[in-house]
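Here is a short report for a first look. Please keep the sequence and the 3D view open while reading.

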Amino acid sequence: MATMTMAKALNAALADAMLDDERVVVFGEDVGQLGGVFRITDGLQARFGDKRCFDTPLAEAGIVGFAVGLAMSGLRPVVEMQFDAFAYPAFEQIASHVAKLRNRTRGALSVPMVIRVPYAGGIGGVEHHCDSSEAYYAHTPGLKVVTPATVGDAYSLLREAIDDPDPVVFMEPKKLYFASAEADLSARTEPFGRAVVRRPGRDATLVAYGPAVPVALEAAEAAREEGWDLEVVDVRTIVPFDDATVTASVRRTGRCVVVQEAQGFAGVGAEIAARVQERCFHALHAPVLRVSGLDIPYPAPMLEHTHLPSVDRVLDAVARLQWDDQPDPRWLTEGSAA
Amino acid sequence: MTTTPQAARRASPRKRRPATPAAPDPSAGLLPQTDPVRLLNPDGTPLPSRADYPEPPVEALREMYRRMVIGRRFDAQSTALTKQGRLAVYPSSRGQEACQVGGVLALRDGDWVFPTYRESMALTARGIDPVEVLTLLRGDWHCGYDPAERRTAPQCTPLATQCVHAAGLAYGESYQGRDTVALAFIGDGATSEGDFHEGINFAAVFKAPVVYFVQNNRYAISVPLSRQTAAPSLAYKGVGYGVPSEQVDGNDPVAVLAVLNRAVAHARAGKGPYLVEAHTYRMEPHTNADDQTRYRDADEVEAWRDRDPIARLETYLRARDVLDDAAVAEIAEQAEAYAAELRERMNAQPTVDPLSLFEHVYAQPTPQLVEQREQVRAELAAAQEEDA
């Protein structure tokens with residue numbers, strides 16, 4: 001066990017993957033000498049040479065499309081999109097080619113690659129630097145979408161992503177990059193497709209992923225004072241999604257709040273809430289609620305705290321879970337269109 | 001009144017200074033020639049041979065002729081298949097035979113081709129089973145051939161995205177010590193897409209052995225070339241990326257193959273990418289579903305018949321005494337047999353398996369896909385029971 005940041009764990013995962021598999025190449029904008037704007041590729045070029053880790057022209061569709069060709073030639077590209085919103089130029093390459101090549105060719109071609117996307121906010125970033133773009137990728141069949149919330153997962157999930165036969169969009173919560181924790185990098189955590197119960201509890205389940213996991217955990221801690229014993233499930237891999245773990249938890253607790261940082265409408269949290277409702281209806285004592293970012297473009301830094309799901313907002317949602325067997329008054333307004 | 005430098009020197013020889021060497025033109029060798037390279041006149045008579053583009057061996061030209069004739073027959077048969085409901089749609093490349101066949105003839109078997117939807121003829125000329133080529137347009141799957149085995153990427157319908165794949169593939173091959181060349185087909189309209197520029201730029205920066213082969217057939221569906229570019233030629237787009245470029249008469253098969261041979265040799269020698277623009281013309285509508293009378297005159301189309309690439313090459317090969325009536329008839333017969341076999345095979349209704357939808361989405365289906373597959377399986381079983 002050692003204490004390290006998520007950034008350091010991601011860096012170690014890249015280095016170890018490059019050491020273990022000479023097909024692994026790392027490239028993107030500023031990832032070479034500079035080591036990436038978040039230093040996730042720090043030292044890789046010095047250690048492995050500028051053929052294994054290199055800077056490219058500043059063109060995201062080019063980066064991802066180039067990776068498609070490299071993967072077709074037998075290499076294992078790991079590319080960095082510098083920021084969430086800067087990955088949008090690559091969307092056609094991702095949606096039309098990366099995600100579909102295996103299927104279009106009946107498995108004759110596959111393009112295993114990892115597209116690393118630093119995402120979400122909470123870091124005081126200016127516009128176009130804080131988007132939560134996971135729903136776009138999760139909505140695209142053929143992609144796996146992974147987001148770590150712990151230091152150990154950052155290392156283990158990235159190693160698994162690089163080894164995976166399918167393309168993986170690896171979403172890295174920026175605000176967790178420099179938080180330290182103890183981690184044992186020699187031990188792999190749970191594999192893709194498994195959600196993990198981060199905190200067991202009996203009264204209600206908070207389902208969260210990525211940057212929302214620490215918020216959910218803090219809320220669960222605070223809820224003890226109110227007499228609620230909350231379970232927290234960390235989704236970890238949005239695709240493939242672990243229905244079994246989430247369903248088992250909600251059937252046990254009978255109540256569920258989904259927490260995500262992204263804007264709520266048509267988001268991953270909406271999908272999770274729908275799946276929980278379908279599978280747990282007869283075990284539920286209250287409607288499944290969502291706590292998410294507001295349905296607005298990501299706000300300017302001085303306003304982001306209003307946008308981001310807070311511990312208080314999570315606790316407010318928990319309070320509305322019909323503890324006294326009374327329906328949530330919000331939905332009972334006479335004549336309400338809602 | 002002007003004084004020539006020579007006159008000035010004569011007038012005062014003592015003031016003569018060593019001439020400052022002219023700075024080398026950084027665009028030298030990058031810009032295309034002012035006029036498209038041409039080795040045959042439109043009537044098939046040869047132009048003087050030239051050192052920069054040596055004429056390909058006559059056996060190669062004869063084979064090119066054979067594949068062009070078969071290609072045109074394949075193309076006509078495919079259009080006919082749309083009328084019989086056997087193909088959902090077919091984008092013809094009639095008139096572009098020199099480019100379609102030249103593009104693949106310039107390559108070795110181990111090289112990679114990155115085609116668009118209009119390259120069905122090129123792919124059959126490469127030896128890929130025509131039924132597998134037409135799978136996409138028949139609609140029983142997307143890509144019908146094995147791209148890895150045929151070294152041919154799936155036909156690309158999104159525009160220009162294959163330009164970046166070709167750069168990556170070519171770089172990856174050279175990275176692993178192989179001398180593979182990649183040739184990306186692209187149309188005039190697609191040179192306006194960002195991925196064309198990103199692809200050629202990546203290829204140039206990483207010295208990837210790629211030939212970008214633009215078939216400028218003058219129309220992007222209905223939009224004429226004047227709406228795509230203000231450049232004097234699409235081949236001028238290479239110089240901004242440091243890529244040597246050339247333009248060629250795309251209906252002159254000898255010139256097309258000669259220029260592509262040089263481009264491929266350049267790439268294979270490790271000198272990086274090459275851009276070739278072929279000036280040609282699409283004799284048919286964009287697809288069978290298009291109405292070309294809405295955007296071009298019949299006169300314009302008619303005028304291009306005089307530049308027919310097959311007649312041009314036939315005249316030349318006859319003059320070279322490597323083609324006679326018997327050979328022409330024999331090749332025409334091959335083309336008929338090819339079309340007849342295709343027709344017959346395409347008349348068979350393909351079988352599709354709904355359960356195959358769940359294969360190849362991922363290497364292993366997700367639990368959600370397994371669930372959906374079981375649901376479809378149950379639906380199919382129920383339907384079968386109802387039928388019984």
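## Ground rules

Helices (H or I, at least four residues) and strands (E, at least two) are DSSP runs, numbered from the N terminus. The model is predicted: local features need pLDDT of at least 70, side-chain atom pairs count only at pLDDT 80 or more, and totals for chains, interfaces and linings use all residues. Residues are numbered from 1 along each chain as its sequence is written, while chains are lettered from A and ligands numbered from 1 in the order in which they are written.

## A helix in chain B

Helix H2 of chain B covers residues 58-83, 26 residues in total. From first C-alpha to last it reaches 38 Å. After H2(B) comes B:Gly85. The phi of B:Gly85 is positive, near 75°.

## Chain A overall

Chain A holds 12 helices and 14 strands. Its radius of gyration is 20 Å, close to the 20 Å of the globule rule for 338 residues, so chain A is as compact as a globular protein of that length. This radius is taken over C-alpha atoms, and the rule is 2.2 Å times the number of residues to the power 0.38. The C-alpha atoms fill a box of roughly 65 × 45 × 40 Å along the principal axes.

Of the 338 residues in chain A, 55% count as buried. Buried means that 20 or more other C-beta atoms lie within 10 Å of the residue's own, exposed means 12 or fewer, and partly exposed is in between; C-beta atoms are placed from the backbone. Two residues are in contact if their C-beta atoms, placed from the backbone, lie within 7 Å. Among chain A contacts with a separation of 6 or more, 78% join residues 24 or more positions apart.

## Chain B overall

Chain B has 13 helices and 7 strands. Its C-alpha trace spans about 110 × 55 × 45 Å along the principal axes. Buried residues make up 47% of its 388 residues.

Chain B is divided into domain 1 (58-289 + 298-347) and domain 2 (354-387). The bounds come from an automatic or database domain assignment. The centres of the two domains in chain B, taken over C-alpha atoms, are 38 Å apart.

## Where the chains meet

On chain B, 34 residues are in contact with 36 residues of chain A. Helices H6 (147-150), H7 (161-175), H8 (194-205) and H13 (367-387) of chain B each give two or more residues to this side. The largest share, 11 residues, comes from H7(B). The chain B side divides into 18 nonpolar, 12 polar and 4 charged residues. Here Ala, Val, Leu, Ile, Met, Phe, Trp, Tyr, Cys and Pro count as nonpolar, Asp, Glu, Lys and Arg as charged, and the others, Gly among them, as polar.

## Core and a buried valine

The largest nonpolar core has 202 residues. Such a core is a set of buried Ala, Val, Leu, Ile, Met, Phe, Trp, Tyr and Cys residues joined through C-beta atoms within 7 Å. A:Leu206 and B:Val211 have the most contacts inside the core.

A:Val26 sits in strand E2 (residues 24-28) of chain A. A:Val26 counts as buried because it has 27 C-beta neighbours inside 10 Å. A:Arg52 is 26 residues away along the chain, yet the two C-alpha atoms are separated by 6.1 Å.

Definitions and conventions: The expected span of a helix is 1.5 Å times one less than its number of residues.
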